[in-house]
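Keep the view open while you read and go through the points one by one.

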Amino acid sequence: MALFVPPKPSIPSEPLPFRQFLRAIRTNALNTWPEAAYDQPYLRRGLFGRTNYLLNEPDAIHRVLVDNPSNYRRSPASVRILRPITGQGLLLAEGDNWKLQRRTIAPALAPRMMPLLTPHMVATTDEALDALQDRIDAPVNLLETMQNLTLEIAGRSMFSLEMHRYGAEMRRMLTEFGENHARPSMLDLLLPPSIPTPGDFGRRHFQKRWMGLIDTIMRDRLNAPPPDEPRDLFDLLRAARDPETGTGFSPDQLRDQVATLILAGHETTAVTLFWAATLLAQAPDEQQKLAKNPETRTRAVLNETLRLFPAAFLIVRETIGPDQAGTHTIGRRDLIMIAPWILHRHRGLWQNPDAFDPSRFLPDAPPPPRFSYLPFGAGPRICVGAQFALTEATIVLAALIGRFEVSLDSTRPVLPVGIVTTQPDHAPAFRLRLR
Ligand code: HEM
């Protein structure tokens, strides 16, 4: 049977002229890369006096992410855009401060902790699917369902918080953030983060309200004395001490960490589950195979979903000093882009790259070429929540497809849009039927 090829955004045949390039960054970063990006080992262009590399070569990617990561930091534009929402948390931390944060958080999200977290995940998923069952044959917004479900799972399993009291307000603020503050302007890209741009005023105001909301959500936890034995990630963070100085996280730092982990820990998994459902709705034979054989096929479908629609479509770094990455002599303050969106659809690395084919990831299939599949990044800054995300997504997807036959209610193509994460251009209506 012919493989399903999901619709994709229009790809420019030539590198975009400057103005169109800037517009594409604001509206859909996936449209900034020309056709050549999907064929060539790398692309290089100058932007605001800096050299900008898009790397598709394993050796060069390995050098940046794994061999010499301390020479590469988060880009100024990432810091400017994400700081209001993640504060001083793990995502944007650098140097020794990053090390301390990572050492504290990683053990709580390690594979051996998953059996403790899965009961929360299963119970929350069952509640959400019971609610969907009341909507059989009515149009269902699975994007919103998945956003609420993954938010609830993140809150409950990491911080013992019932999120439904705050979920609607959080989701409203995150939508506002995506629409108004996450689209970089020319000045946002041009100026160093220490010089505020007009967009930063709105971002600062947003940060006050957002962190205020997280403070409210955490107030009871912050005011209660710490328990003798940590019960969840919040208690672990609270008990953490810098081995050299003996200092712990301040209340503001704790709050920033919670904001970071709730944000990074739910939006990416929500869109991944949304894309998986959208692909399966359009490939009914794959959906049928998954329903019959969830043990072997759920992970393969998720891996293939993360290949075609990697929630983190772009990993960016700024170089601190010069370096040799593969064949490239990279200068100080050059920008390095490693784009899972491009790598995962590269014609030199994959066969039939645009087709939905979960069998690529079945246990007996050959592994993908080295460094051609990076949905969670690589090296010391690899996603700290990868196990959490995969465990959660496997539970939710297997339960959803086990219980319902999922189809789309309209034929309007669902197109990916790259703004912070890989979002759909609209939330299509789905129909569910009990299996
Ligand atoms: C399908 C879901 C997810 C995807 C595709 C994803 C992807 C990524 C990627 C590509 C990075 C590396 C970025 C870089 O190197 O610049 C990253 C980092 C990170 N992720 Fe995830 N992630 C997912 C789920 C999660 C979850 C569930 C959590 C928390 C529980 C989480 C928390 C983080 C944090 C805190 C970082 C920064 C780590 C550091 O800098 O040390 N992510 N994620």
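1. Begin with helix α9 (residues 198-223) and α11, whose axes come within 10 Å and cross at roughly 110°. Since angles of 65 to 115 degrees count as roughly perpendicular, that is how α9 stands to α11. The crossing of α9 past α11 is right-handed. Do keep in mind that this is a predicted model.

2. Who actually touches whom here? On the α9 side the contact is made by Met 211, Ile 214, Asp 215, Met 218 and Leu 222, and on the α11 side by Pro 251, Arg 255, Val 258 and Ala 259. Sorted by class, the contact of α9 with α11 has seven nonpolar residues, two charged ones and no polar ones.

3. The axes of α14 (residues 294-308) and α16 come within 10 Å, crossing at roughly 120°. That angle makes α14 oblique to α16, and the crossing is right-handed.

4. Which residues make that contact? From α14 they are Pro 294, Thr 298, Arg 299, Val 301 and Leu 302, and from α16 they are Leu 390, Ala 393, Thr 394, Leu 397, Ala 398 and Gly 402. By class, the contact of α14 with α16 comes out as seven nonpolar, three polar and one charged.

5. On to the strands. Five of them form an open sheet in the order β1-β2-β8-β5-β3, and the pairing is mixed. β1 (42-47) and β3 (72-73) are at the edges with a single partner strand each, so one side of each has no neighbour in the sheet.

6. Take a look at the β3 end of that sheet. β3 pairs with strand β5 (residues 315-319) in the antiparallel sense, over two bridges, and Arg 73 stands opposite Glu 318 in β5. Helix α2 (residues 58-67) packs on the sheet, where it touches β2 (50-55), β3, β5 and β8 (335-338). The direction of α2 makes about 110° with that of β8.

7. There's also an open sheet of three strands, ordered β4-β12-β9, with antiparallel pairing. Its edge strands are β4 (140-141) and β9 (404-408), and each of these pairs on one side only. β9 is joined to strand β12 (residues 429-434) by five bridges, with the two running antiparallel. For a landmark, find Val 406, which stands opposite Leu 432 in β12.

8. Last, a hairpin. Strands β10 (residues 416-419) and β11 (residues 421-424) run antiparallel and are joined by four bridges. What sits in the turn of the hairpin? One residue lies between the two strands, and Val 420 in the turn has a positive phi of about 65°. Ile 419 stands opposite Thr 421 in β11.

Notes: Residues are numbered from 1 along each chain as its sequence is written. This is a predicted model: local features need pLDDT of at least 70, side-chain atom pairs count only at pLDDT 80 or more; totals for chains, interfaces and linings use all residues. Axes are lines fitted to C-alpha atoms, for helices over the stretch in contact, and angles run from 0 to 180 degrees between N-to-C directions. Angles under 35 degrees count as roughly parallel, over 145 as roughly antiparallel, 65 to 115 as roughly perpendicular and the rest as oblique. A crossing is left-handed if the near helix is turned anticlockwise from the far one by less than a right angle, and right-handed if clockwise. Two residues are in contact if their C-beta atoms, placed from the backbone, lie within 7 Å. Ala, Val, Leu, Ile, Met, Phe, Trp, Tyr, Cys and Pro count as nonpolar, Asp, Glu, Lys and Arg as charged, and the others, Gly among them, as polar. Two strands pair if DSSP finds at least two bridges between them.
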